[in-house]
Amino acid sequence: PLLIPLLPGRTSVLVKKDPRKPKLRFATGQKGGNYDKFGQLLQKEAAKLNIELELIGTAGAMGNLQKLLANNADAALVQSDVLALKQKKFPGQSLISEQAPIYRETVQLVAHTGSDIKSIKDVDPKKHVVYIGPEGSGTAITWEGLCQQDKRYCKIPVKHADYNTALKEVETNPNALMMLVSGFRSDFLQQAEKFAKETGKLRLVAVDDWDFNDK
């Protein structure tokens, strides 16, 4: 019941509500990734404070922004470069009120050992294809950002796939590469390193085009 007693010189609102455990909807990312792992750690800590944390799996950073926009999440993990593209993707939309950095991520490019690619600048639009993660992933948006820095990269064919599928494609195709934006020691990176040692067919490529510093 809502009671509003009116007394001389005083107005007050009294609300009787059953005490409920506060709930926070938190958009993370793909299962096994660092976003998912961070969400699980946060969920355990939140439980100690009697806060229920609902983890929402998504394809990645752009999906998380869309969840915030649709009011289907209260908080989300998002790469800083994806956040920088927010106004372009969602013009005039107010998505966030608070933000804080969590951990550092790096752009990593994986190639077949039989390829002649030593640097991202060696990728040939007429010859190679780059797997850039699932649609809506932070990796896919990072690639879009790289293309904005240097239009040459817009000509390179890209494909969307989960990272395990992409890794196997690179292992069998010398003309395929896989890009991944991730923090260190994620479950996937450990699996990828193990896979690389077993097959001997994967290696990292330098992402060292100084045009990427333009913005």
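Trainee: How many aromatic pairs does a search of the whole structure find?

Mentor: This is a predicted model: local features need pLDDT of at least 70, side-chain atom pairs count only at pLDDT 80 or more, and totals for chains, interfaces and linings use all residues. Residues are numbered from 1 along each chain as its sequence is written, and side-chain values use heavy atoms, with hydrogens and water left out. Rings of Phe, Tyr and Trp (its six-membered ring) pair if their centres lie within 6.5 Å. Over the whole structure, the number of aromatic pairs is three.

Trainee: Why is the pair of Y153 and F212 called tilted?

Mentor: Planes under 30 degrees apart count as stacked, over 60 as edge-to-face, and the rest as tilted. The ring centres of Y153 and F212 are 5.3 Å apart. Their planes meet at 50°, so the pair is tilted.

Trainee: Is Y153 buried or exposed?

Mentor: Buried means under 20% relative accessible area, exposed over 50%, and partly exposed in between (1.4 Å probe, protein chains only). Y153 has 0% relative accessibility, so Y153 is buried.

Trainee: Which residues form one aromatic cluster with W143?

Mentor: One cluster holds three residues by name, W143 among them.

Trainee: Which helices hold Y163 and F188?

Mentor: Y163 and F188 form a tilted aromatic pair, 5.8 Å centre to centre with 50° between the planes. The pair ties together parts 25 residues apart in sequence, because Y163 lies in helix α6 (residues 163–172) and F188 in helix α7 (residues 187–199). Helices here are DSSP runs (H or I, at least four residues), numbered from the N terminus. The two are α6 and α7.
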